[in-house]
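Here is a short note for a colleague who is opening this structure for the first time. Please keep the view beside the text and follow the points in order.

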Amino acid sequence: MSPQIAWVALVTAGLLDVGWAISMKYAEGYTRLGWSIASLALLAAFVFLLGRALQVLEIGVAYTVWTGIGAVGTLTMGVLLFGEALNPVKIAGIVLVMIGIVALKLAPA
């Protein structure tokens, strides 16, 4: 796998992580079958893609980028889907995490 494909797999894994977190909320403690199945499928998909990306990318960078995408995406979806509070401090945190993700992508290996 080329580094470019590994980055695509990593970003996709991060986005699937967001979907997984949201599906867990909808699964209501894994009491709703459809959402529970979706949650487990998303979990399997992001673990697979993360594992593939780790074959090529540095673990420290890849894991940090993956968790950053998951954190920013999940917070954003929480605001959009569940009406969670968004304030200047949270916005600043999101911006800082996004700057960190870009910095890690641009950093030489």
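1. Start with the contacts of Tyr30. Neighbours within four places in sequence are set aside here. Tyr30 then touches Trp20, Met24, Ser36, Ser39 and Leu40. One of these, Ser39, also makes a polar contact with Tyr30, side chain to side chain, at 2.7 Å. Keep in mind that this is a predicted model.

2. Where does Tyr30 sit? Its place is the loop between helix H1 (3–27) and helix H2 (33–54). Is Tyr30 buried, exposed or partly exposed? Its relative accessibility is 39%. Buried would need under 20%, and exposed over 50%. Tyr30 therefore counts as partly exposed.

3. Move on to Leu50, which belongs to helix H2. Its relative accessible area is 11%. The cut-off for buried is under 20%, so Leu50 is buried.

4. Which residues does Leu50 touch, leaving aside neighbours within four places in sequence? They are Leu10, Ala13 and Trp66. A separate pair gives a sense of distance: Leu50 and Val97 are 47 residues apart in sequence. Their C-alpha atoms are 19 Å apart in space.

5. Step back to the fold. How many helices and strands does the protein have? There are four helices and zero strands. Read from the N terminus, the order is α-α-α-α. The C-alpha trace spans about 45 × 35 × 15 Å along its principal axes.

6. Next, the contacts of the whole protein. Consider those between residues at least 6 apart in sequence. Of these, 67% join residues at least 24 apart.

7. Then burial and surface. The protein has 109 residues, and 29% of them are buried. Leu50 is among the buried ones, at 11%. The protein exposes about 6500 Å². Carbon and sulfur atoms supply 75% of that area.

8. Last, charge. The protein carries 5 positive and 4 negative charges.

Terms used. Residues numbered from 1 in each chain as written. Predicted model: local features only at pLDDT ≥ 70, side-chain atom pairs only at ≥ 80, totals over all residues. Heavy atoms only, no water. Helix = DSSP H or I, 4+ residues; strand = E, 2+ residues; numbered from the N terminus. Buried < 20%, exposed > 50% of the residue type's maximum accessible area, 1.4 Å probe, protein only. Contact = heavy atoms within 4.5 Å. Areas by Shrake-Rupley, 256 points an atom, 1.4 Å probe, with all protein chains shown as cover. Lys, Arg positive; Asp, Glu negative; His and termini not counted. Charge placed at Lys NZ, Arg CZ, Asp CG, Glu CD. Polar contact = N/O pair within 3.5 Å; in protein donor to acceptor, adjacent residues only side chain to side chain.
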